[in-house]
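Open the structure in your viewer and keep the selection panel to hand. The stops below say what to select next and what is there.

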Amino acid sequence: MVFSSLVFLYIFLPACMLLYIAVPKIWMKNGILILFSLVFYAWGEPLYVVLLILSALVNWSCGALIGIGRLEHRTGKMKAALILAILVDLGTLALFKYAGFFVENFNALTGLKIAAPEVVMPIGISFYTFQALTYVIDVYRGNVAVQKSYPRFLLYIALFPQLIAGPIVRYSEIEPQLEERHVSSESFFTGLTRFLIGLGKKVLIANYCGAMTSQLLDGKTASLTTLAAWLGMLLYTFQIYFDFSGYSDMAIGLGRMFGFEYSENFNFPYMSTSITEFWRRWHISLSSFFRDYVYIPLGGNRRHQYLNLFIVWALTGLWHGASWNFVLWGLYFFVLLCFERIFKGLLDLLPKAVRYLPTMLLVIFGWTLFYFTDLRDVVNTFAALFGHGAGLTSAETKIHFVSCIPLLILAAVGSTSLPKNLSMIIAALCAGNQKRGEATSTAFYVLTFLFDLAVLFLATVSLIGSSYNPFLYFRF
Amino acid sequence: MKNKGFILGGILLAVMLVLGVVSLVDTDPTVSLVENRKLATKPAFSAERLFSGQYLSELDTYYNDTFPLRERLFKANQQLNGFYHYSGRKEENNVLLIGANTGAEEGGVSLADYERAQAEQENPTKPDKDPAQDPALTDPDVPTEPEDPNGGEDPEQLPPDEPEPNVLDQVDAAAKHDSGWTVDENASYEQAGAVMIIGKQGMEVPSKVPDVITSYANVLNTFAEKMPDVQVYSLITPNAAEFYSPLEFHTGSHSQKDMISSAYSQMTDEIIKVDIYSKLAERTDQYIYFRTDHHWTARGAYFAYVAFCEAKGLDPVSLEDFESGRYDEFVGSLYTFTRQYPQSEVLWNNPDYVEYFLPIVESHAKYYMDSTLTNGIPIYVVSTNISNASKQDKYLCFISGDTPICVIETAVEDGPTCVVLKESYGNAFVPFLTSHYSKIIVIDPREFNHGSKPYLDLVAFAQEQEVDDLLVINYPFMINNAAYVGYLRALAAN
């Protein structure tokens, strides 16, 4: 199931919340969440839900074995259990996500014709296996205690807000919340609002950017005009941000409504003035995962730093998908980050305003690598971006450009901190008649409520429209 | 108030819950006339379908289609799309361009399908419409239209609780795969073509796919080679975009003139190539294409008929000699297809009309589900009395829309027999042939030799029917469409 669907909004979420409130004990509440999470997952993956449960079971058992090993002071046993968990997790990933890719490349190298296995990748597998890894590694390191209850561990892995598309929540982050949670009135409401903001970002911005992007770019790179290439890549740049950060907002918001506090995953990445800064603001849970669980164990800044960086960025690229363009995309950032590291002193001399535009351009070029899995498309698009396409513009491009001007403005403003600052100003203005001891004034609550209602309405309208399927008469 | 967060958040969730409950209880619509389509029916449950993910995905669709206030929300979405597909408010600025695969290569709809869909909408459990307004229901002089070929006496008896497997369901399944503005990831935009509205004129803009055009020509060459006794005629017709779109949309890779001459130049000398293009190009000031529908008018088809007569050496019947009539208020496919954008309002407010010309020679038509030509169902060559209930169905008056095989027998004595291979563009054209042929067999290539469709060996069939002429009539979208050309090729695969 996805958050941006009518079934989720009008049946799943209210039903889950109602039952969640209705049961008194925390173990029951956890039970409700596990049940709903499994249904949520099974809705899209009726078969692979078993894989999810088994994967959680293996990791939980390995965690327990590490714990027993520690009690018995047998580091060998601990190591064995850790290695087993890592092998199982990465093995599952390799099998379900990368098998086709490996076989394809092996065939290309050797000239053999081994049939590529036809496995469909289970949704969210990249996220939940990484989550499981944070647990076993942290147990091994002694950073967290062993989770004795399998249901609680399953709740951590399968919790529906973050199950399918992150953020990658570390076990250490929510360990205490698995046993005891408190939801305040304010966090419940801000959670709901945060969820709806995310819904709006996804449904009202990302989806439209995406539809337009594919109209401009898909299958057309050989005849792309320069303006169309820029328009397409700009829209895709917005799509990927609003899609992904919208999803994180929804996850964080939903988590908060149930008493889970997740760390932020995005922090206005398109306001960055360097690539280094961009990666501190973009998909924070992933880059920090690679930092803490790959880069630092490899030696970090202390030994062969550039090799470590290379490995991390090649893996980051590969994590995004089983295709060479993603690896290329990761290594592209490796090169840029090395460059920034080497010339740091020089670059720091430049004012931020001057650094902004080149940073954004480099990010957009990065998304060009990211968008096309076929490298010919990448080459064609770069040619068009730099004026070697099918002319500067065309009647078609002009129509498309005009038609998405309002969307571009909305997306551009929406990707800055402007809306957030605006809401803070409004909150401050509303605070005039605030009663003592209240964190937020009633007026601001009501305004936020109206905003939420409007977003919900518009998102519903848009979702109804996207199920429009005008085939009957046309299909002559 | 300390709990205002809980209260306001609770209200919001309660609103969602109430709508959710209503959405589960109130699940009646079957056909949306606003959207001009059949809405999803409750999917059948089985363990196999559950584990393949099919059941739940269909349940999602079903849920969306039965959501409370769907039609009103849909209307609101049209306004919302005005923001995302901006073109200004004035009619002269009205511009919309969407990449779209119409899916037309996957098959068409017949009048019977359409009327069944409407009948379902008029289900007495939810009388959205006053039945008195519907002449088909009240006027005793309106003859009953042909029976549904799949209903009731279907030879393959189905369990009673299964939904009726009608053509619409098949169309629906195919449509899910490849219709709509959401571009199919596997289909390139170039092949999909585009739908555009400029002012009051809707158009479908094809893009040239040279390889497919070559295959199209080769398929006709194969027909000529395998049926040496049959004279093959190729009739490729341009559509409205060639004459009424801005320059860039009918030049270069969009030039239909170029597509047609490219196809003709690759056909052998045995094939007679009919120059419809020039005939239509000379008459662009006449009403030869609809503005709200992707077809040509019967008048446009008439000029194609004139071109055909010239190529064959016949005297065409003059247009004035036909008894004619018209259906007013026709708003067709291009409106339906763009209905979710506010730009389509102009089409709705400026409807077309459907002009028809009745055959001069007495003609009787029947249609069949396969080439055994059994269990024929009588239809009109040109229907003068289809229901006025809907604005959208009127092009179906020509040979009753798309049926697999339709045979017309005329009072022309000892005249020749022809087979016409066509999609819906041929529908308006076929009635004019009744003055010259004793027997006209109209075949829709999309309905044979793939999936669960019946088998047809055209070469054997033509021999059996003692066919003299084979007419292949198509509009540019089809000659550039690999799937359609594949279906055409499959007719003479042996």
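Start with chain B, which has 19 helices and 15 strands; helices (H or I, at least four residues) and strands (E, at least two) are DSSP runs, numbered from the N terminus. This is a predicted model, in which local features need pLDDT of at least 70 and side-chain atom pairs count only at pLDDT 80 or more, while totals for chains, interfaces and linings use all residues. Residues are numbered from 1 along each chain as its sequence is written, and chains are lettered from A and ligands numbered from 1 in the order in which they are written.

Of the 494 residues in chain B, 47% are buried, meaning that 20 or more other C-beta atoms, placed from the backbone, lie within 10 Å of the residue's own.

Next, select domain 1 (17–181) and domain 2 (187–410) of chain A; the bounds come from an automatic or database domain assignment. Their C-alpha centres are 27 Å apart. Contacts (C-beta atoms, placed from the backbone, within 7 Å) join 21 residues of domain 1 to 18 residues of domain 2. On the domain 1 side, the elements giving two or more residues are helix 4 (75–110), helix 5 (125–141), helix 7 (160–163) and helix 8 (171–174) of chain A.

Now pick A:Ile66. Leaving aside residues up to four places away in sequence, A:Ile66 touches A:Met78, A:Ala81, A:Leu82, A:Val136, A:Val139 and A:Tyr140.

Key. Two residues are in contact if their C-beta atoms, placed from the backbone, lie within 7 Å. A residue is buried if 20 or more other C-beta atoms lie within 10 Å of its own, exposed if 12 or fewer, and partly exposed in between; C-beta atoms are placed from the backbone.
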